[in-house]
Amino acid sequence: MWRYVVRRLLLVIPVMLGVSLIVFLLMHFAPADPALLMLGERATEEQLLTLRQEMGLLDPLPVQYVRFLGRALQGDLGRSHRSNRPVAAEVLSRMPATAELAVAAVVIAVVIGLPIGIISAIKPYSFLDHASMFMALWGASLPTFWLGLMLILFFSVRLGWLPASDRQGLESLILPAVTLGVGAAALIMRMTRSSMLEVMDQDYIRTARAKGLPERAVIYSHALKNALLPIITVIGLQFGSLLGGAVITESVFAWPGVGRLAVEAIRARDYPVVQGAVLMLALAFVLLNLLVDLLYAYINPRLRTRYK
Amino acid sequence: MNKNVKQASVVGKRRGRSDFWRRLRHNRLAMFGVAVIALLTMAAVFAPWLAPYSPTAQNLPQRLQPPGPTHLLGTDDFGRDILSRIIHGARASLLVGFFSVGAALVGGGFLGMLAGYYGARLDNLIMRVMDVILALPTILLAMVIVTALGPGLFNVMIAVSVSLIPNYARVVRAAVLTVREQDFIEAARASGASDLRIMYRHILPNSFDPLIVQGALGVAEAILAAASLSFIGLGAQPPTPEWGSMLSSGRAFLRDAPHVATFPGLAIMLTALALNLFGDGLRDALDPRWRRR
């Protein structure tokens, strides 16, 4: 088991190196001169050249990348062109808000998706099953930003029940979490149904029924327990995806997370912040996927025995 | 004997194809999806003739009018007819969807084919690059690419297609791996067929089925991603009518003129739903075992 853990941990390194290279190159070729952004339009050519030299922008590209990587490994992601604050500090200060939103969205997704998926599987091809699968497809087709605006329209503007923006307590978390969670709920619904149907087709379920066990016991003690493994994997992976998906939701609700920081930085052409925000989100995504893989290997008795 | 086997194989293929079409036709939701997609495509192609007004013609005295007889879906903050802008916006959305997926299918299919066919180091290299791309959530990667290239619909297409490439590369690679070691491939090699011919004539057709399904579903994903990028100002630039940017500008008028944001969003949702219904229907028709799941 430890060999598998070490191997998976080591795989994270080349992936993150690749991500850092992509992000560095893309930001390097972005259409903006950092020296011009910092000194303004009135700066002379000589001043711009001096600042570019000081910032190392005139060095060869590989040298710039190695310098960037070296600093990043020490936690230094540069400084924001707008605020002059360290990028790492800005991004880290926003992470808790994004994590809070992602956790709340996953909770909502599981609370909605899991029971409906189970009921669909228990009564396959019934009206309830067709209706819930249509709902799942509809949920997957909803543009997140539009759903968010419609929820704001009804619950904040028309009814005045919930706040439309900012992070002020549990009430302000509901609408953004529902907006972000609906798409994930749709996927969990379908995955749960698919996984349960596959398990309920197995011989041991047939045996359990033949033994005269009550249907409730067959479903919850036998089928669901075995169907949960792939479902838990999907839920874990969704959590990672939601970190990226939160970008749009945070913009709609002015939620002070990393996603909104990245969007604001793009608009202001503050590329060190864009770089830092994207890197941190990618790292969180990769580590979460790693955790899900390790958890799956641990709780799946077949894999646990294989890796012992 | 050979002639009979050949005939049987042709008859078998024809029967298989007619079964596929029969199953697809009987799926009412998939047919609904097809009808909606057909209508949207017609709207996109014949937009200049179908739209009651020019999508960019401003009429400030008529700004923010609710739906009514002169403007069926109302007007926006510049007095532009929303229905006309939605019809013209279908062009942008469908173009982004089909172009992005088409480019991703070609790029991803090519890479997946190389990786699966040659295996070893090339497979490792290509799949690790795919892993790196997949390590960035789709919308983040697309955002970063558009930031580097500059805002605009064409750059959005490039960004979305790059983020979709790994999915198709994996599908094709998986299909190639199942077929690569089979006898008929060995026979083709022994008869002197080049690698390119083997890949094109024998291996690629085996990956059509999963690719078609992924492609149909991918168009929905591409349209949603492109609309998201336009919503945050990275996609189509004003005054180009595009559903995501229409929604973005409608945000400021949610309280007083909610129709400005509502109708473009409905258009996006309906399009994505139709494509997803069609994709699901394709999957069920191609592999009836999926219906059990």
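In this predicted model, 42 residues of chain A are in contact with 38 residues of chain B. The side of chain A that touches chain B draws at least two residues from each of α1 (2-28), α6 (127-141), α7 (144-158), α8 (171-200), α10 (215-253), α11 (258-267) and α12 (271-299) of chain A. Among these contributors, α1(A) gives the largest share, namely 8 residues. Sorted by class, the side of chain A that touches chain B consists of 33 nonpolar, 7 polar and 2 charged residues.

**The two chains**

Read from the N terminus on, the elements of chain A run α-α-α-α-α-α-α-α-α-α-α-α-α, and chain B follows the pattern α-α-α-α-α-α-α-α-α-α-α-α-α along its sequence. In chain A, among the contacts with a separation of 6 or more, 73% are between residues 24 or more positions apart. In chain B, among the contacts between residues at least 6 apart in sequence, 70% join residues at least 24 apart.

**A helix pair in chain A**

Two packed helices are described by the angle between their axes and the distance between the axes. For α11(A) and α12(A), the axes come within 8 Å and cross at roughly 150°. Since angles over 145 degrees count as roughly antiparallel, α11(A) and α12(A) are therefore roughly antiparallel to each other, and their crossing is left-handed.

Which residues of the two helices meet? From α11(A) come Val258(A), Leu261(A), Ala262(A), Ala265(A) and Ile266(A), and they meet Val273(A), Val274(A), Ala277(A), Val278(A), Met280(A) and Leu281(A) in α12(A). The contact of α11(A) with α12(A) has 11 nonpolar residues, with no polar and no charged residues.

**Helix α6 of chain B**

Helix α6 of chain B covers residues 138-149, and at 1.5 Å a residue its 12 residues should span 16 Å, which agrees with the 17 Å that separate its end C-alpha atoms. This helix, α6(B), is mostly covered, with 11 of its 12 residues buried. The buried residues of α6(B) are Thr138(B), Ile139(B), Leu140(B), Leu141(B), Ala142(B), Met143(B), Val144(B), Ile145(B), Val146(B), Thr147(B) and Ala148(B). After α6(B) comes Gly150(B), whose phi is positive, near 105°.

**A glycine in helix α4 of chain B**

Gly112(B) lies in helix α4 of chain B, which covers residues 82-118. Is Gly112(B) buried or exposed? A residue is buried if 20 or more other C-beta atoms lie within 10 Å of its own, and Gly112(B) counts as buried because it has 29 C-beta neighbours inside 10 Å. Leaving out residues up to four places away in sequence, Gly112(B) touches Tyr168(B), Ala169(B), Arg170(B), Val171(B), Val172(B), Arg173(B) and Val176(B). Gly112(B) can also be compared with Ala174(B) by two separations, for the two residues are 62 residues apart in sequence and 8.1 Å apart in space, taken from C-alpha to C-alpha.

Terms used. Residues are numbered from 1 along each chain as its sequence is written. Chains are lettered from A and ligands numbered from 1 in the order in which they are written. This is a predicted model: local features need pLDDT of at least 70, side-chain atom pairs count only at pLDDT 80 or more; totals for chains, interfaces and linings use all residues. Two residues are in contact if their C-beta atoms, placed from the backbone, lie within 7 Å. Helices (H or I, at least four residues) and strands (E, at least two) are DSSP runs, numbered from the N terminus. Ala, Val, Leu, Ile, Met, Phe, Trp, Tyr, Cys and Pro count as nonpolar, Asp, Glu, Lys and Arg as charged, and the others, Gly among them, as polar. Axes are lines fitted to C-alpha atoms, for helices over the stretch in contact, and angles run from 0 to 180 degrees between N-to-C directions. Angles under 35 degrees count as roughly parallel, over 145 as roughly antiparallel, 65 to 115 as roughly perpendicular and the rest as oblique. A crossing is left-handed if the near helix is turned anticlockwise from the far one by less than a right angle, and right-handed if clockwise. The expected span of a helix is 1.5 Å times one less than its number of residues.
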